[in-house]
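Welcome, and please take a moment to look over the sequence and the model. The short report that follows will walk you through it, one topic at a time.

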Amino acid sequence: QVQLVESGGGLVQAGGSLRLSCTVSGSTVSNYGFGWYRQGSGKQRELVAHISSGGSRNYADSVKGRFTISRDNAKRTVFLQMNSLKPEDTAVYYCSRDWGGYWGHGTQVTVSS
């Protein structure tokens, strides 16, 4: 059974940094694509960053240059390093495998101004 567990969220001031982790069980991370999504209050869930099985990375325009997605195959963990955070980055962040085939429960990120 594939399970994804996010961690690392919290409250941070604007300009600060957080690193989110998505720990995967029941699956490797090297053989699949993984994405980080977010959903702000009253908004639709949106894709923030994606890493393919081959290692290609793609980012939403709103986070390019600030966020970096990476993975540690041995630890079965996918990371999202978030720098220069803005209040508009406030959302619940979710990890997903296979473009929404599997989801974690999310971790809250709140950026204060």
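## A buried pair of cysteines

Cys22 and Cys95 are both buried, where buried means under 20% relative accessible area, exposed means over 50%, and partly exposed is in between (1.4 Å probe, protein chains only). The two are joined by a disulfide, with an S to S distance of 2.2 Å; the term stands for a pair of cysteine sulfur atoms within 2.5 Å. A disulfide is a covalent bond between the sulfur atoms of two cysteines. A search of the whole structure finds 1 such link.

Which parts of the chain does this pair tie together? Cys22 belongs to strand S3 (residues 18-25) and Cys95 to strand S9 (residues 91-97), so the link connects parts that are 73 residues apart in sequence. The link of Cys22 and Cys95 is left-handed, with -80° about the S-S bond.

## How to read the model

This is a predicted model, in which local features need pLDDT of at least 70 and side-chain atom pairs count only at pLDDT 80 or more, while totals for chains, interfaces and linings use all residues. Residues are numbered from 1 along each chain as its sequence is written, and side-chain values use heavy atoms, with hydrogens and water left out.

## The chain as a whole

How many helices and strands does the chain have? There are 0 helices and 11 strands; helices (H or I, at least four residues) and strands (E, at least two) are DSSP runs, numbered from the N terminus. The radius of gyration is 13 Å, close to the 13 Å that the globule rule gives for 113 residues, so the chain is as compact as a globular protein of that length. Here the radius is taken over C-alpha atoms, and the rule is 2.2 Å times the number of residues to the power 0.38.

Along its principal axes, the C-alpha trace spans about 40 × 25 × 25 Å. Of the 113 residues, 41% count as buried. The chain exposes about 5,900 Å², and carbon and sulfur atoms supply 44% of that area, as computed by the Shrake-Rupley method with a 1.4 Å probe, where for residues only the protein chains shown count as cover. Among contacts (heavy atoms within 4.5 Å) with a separation of 6 or more, residues 24 or more positions apart account for 52%.

## A sheet of four strands

Strands of a sheet pair through backbone hydrogen bonds, either parallel or antiparallel. In this model, an open sheet of 4 strands has the order S1-S3-S8-S7, with antiparallel pairing; two strands pair if DSSP finds at least two bridges between them. Strand S1 (3-7) and strand S7 (67-72) are the edge strands, each pairing on one side only.

Let's go across the sheet. S1 and S3 are paired over 5 bridges, and Ser7 stands opposite Ser21 in S3. Next, 6 bridges join S3 to strand S8 (residues 77-82); Leu18 is opposite Met82 in S8, and Arg19 is opposite Gln81. S7 and S8 also pair over 6 bridges, with Met82 in S8 as the bridge partner of Phe67. Is S8 enclosed or open? In S8, 5 of the 6 residues are buried, so this strand is largely enclosed by the rest of the structure.

## Leu4 and its neighbours

Leu4 is found in strand S1 and counts as buried, at 6% relative accessibility. Not counting residues up to four places away in sequence, Leu4 touches several residues, including Phe34, Tyr102 and Trp103. The C-alpha atoms of Leu4 and Tyr94, 90 residues apart along the chain, are separated by 9.2 Å.

Where does Arg76 lie? Its place is the loop between S7 and S8, a hairpin with 4 residues between the strands. Phi of Arg76 is near 50°, a positive value in a residue other than glycine. With a relative accessible area of 36%, Arg76 is partly exposed.

Asp98 also has a positive phi, of about 60°, although it is not a glycine. Asp98 sits in the loop between S9 and strand S10 (102-103) and is partly exposed, with a relative accessible area of 33%.
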